[in-house]
Amino acid sequence: MGLNIRSESESITHFSKELRYRVWWALFMLDMVLCETTGRPPGTGDIFCSTPFPVPFAEEDFWDTRVMQIITDKRARNAFFTSLISDTAASPYESVTLRTPEQQESGKGKQEERASQRGTENLTPNSSLYFLYAVDLAHLLREAINIFYAPRATRQSWLEIETAIPTLNNHADNWLSRLPAEFDFTKLDTTHQFLQQRASLAFQFYATKLIILQPCIRHLSQQSSEASSPGTVCDQMAILCVQMAGRMLDLLPEEPDLTWLYGVAPWWCILHNIMQSTTILLTEMFTRTHVGTAKAVDITKKIDKATRWLEEMSTRDLSSQRAWLVCMDLLSRHGSEFGFRC
């Protein structure tokens, strides 16, 4: 169907084009979830894709005059997305110059800018806006996987990898800074509006952070005691990785609650998210943590919380049961000095 390509066909309505763009990005999101949870390579190659980002409007608004201008005018669309998600243009696969000096002088560029501003001003939080930010973050995850986990990564020096990690980590922070207040999961929100969307973006954000930062944990854990220090950047990123793993587990209620799990949390990948953060904490505890320190106490509390959730989830899910048994086996053999009794 050519869903991976920007449609230039005049026989297809703009409404249909936008729906096809959404279908493509939904497939992209599914591909990234499967890639992350199974460790298999993604099936959507960047070089064969030119589909623009999905517009963050409800489908019933597609016929609105202001929305239609953004949809139909490529430059207005580019300007709109640049104002919405920073430096990313209408398609994440394209690099587009929005306005030339000549266009600015002629007033055409100003007209496009006004169109994008009107679109942004009239943009209210909705599920389509959530989807756009989820796609934007998934694209960053895809970039991190390509750099750090593709086979070609083995041909890179550690210095090259260490240089790329802070850059991608900053991109993730920039994504969070652009997040609309209604979706900002870092702030206490007493309303129940967009509760599921905030939870989904939160787990996706911390999972992406861990994918970016995890190479530092792995690199440090492989160093012998006689080895020289890998460097302050690696140390700082490793500390941040452990913090992000803890924050992901902080998203879970203190006591296991399956109603919350299946009603609010992204249940389709929650097991992977819990094990992703728990694995990092276990690695840090067994390789770089001294018994009796404040760090050890904090990590053991978080691991204990994770195992309690896995135990509760195992009553309904065999995969969770296997994960719980693996964790308990590790703790029974290596965790006694940290106070674990299995």
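**Reading burial in a predicted model**

Modeller: K302 is buried, at 17% relative accessible area. Keep in mind that this is a predicted model.

Biologist: Why does K302 count as buried?

Modeller: Buried means under 20% relative accessible area. K302 has 17%, so K302 is buried.

Biologist: Where does K302 lie, and what does K302 touch?

Modeller: K302 lies in helix α12. Leaving out residues up to four places away in sequence, K302 touches G246, L249, D250 and L281.

Biologist: Which other residues of α12 are buried?

Modeller: Among them are A296, I299, T300, I303 and K305. A306, T307, W309, L310 and M313 are buried too. The cover over the buried residues of α12 includes α9 (232-250), α10, α11 (270-288) and α13 (318-334).

Biologist: How does the span of α12 read against the expected value?

Modeller: The expected span is 1.5 Å times one less than the number of residues. Helix α12 (residues 294-313) has 20 residues. From first C-alpha to last, α12 reaches 29 Å, close to the 28 Å expected.

Biologist: Which residues form a nonpolar patch on the surface?

Modeller: Y262, W267 and W268 form this patch. Together they have about 370 Å² of accessible area.

Biologist: What is the phi of F194, and where does F194 lie?

Modeller: Phi of F194 is near 60°, a positive value in a residue other than glycine. F194 lies in the loop between α7 (158-177) and α8 (195-221). With 14% relative accessible area, F194 is buried.

Conventions:
Residues numbered from 1 in each chain as written. Predicted model: local features only at pLDDT ≥ 70, side-chain atom pairs only at ≥ 80, totals over all residues. Heavy atoms only, no water. Patch = residues over 30% accessible without salt bridge, like charges linked within 9 Å, V, L, I, M, F, W, Y side chains within 5 Å. Areas by Shrake-Rupley, 256 points an atom, 1.4 Å probe, with all protein chains shown as cover. Salt bridge = Lys/Arg side-chain N within 4 Å of Asp/Glu carboxyl O. Helix = DSSP H or I, 4+ residues; strand = E, 2+ residues; numbered from the N terminus. Buried < 20%, exposed > 50% of the residue type's maximum accessible area, 1.4 Å probe, protein only. Contact = heavy atoms within 4.5 Å.
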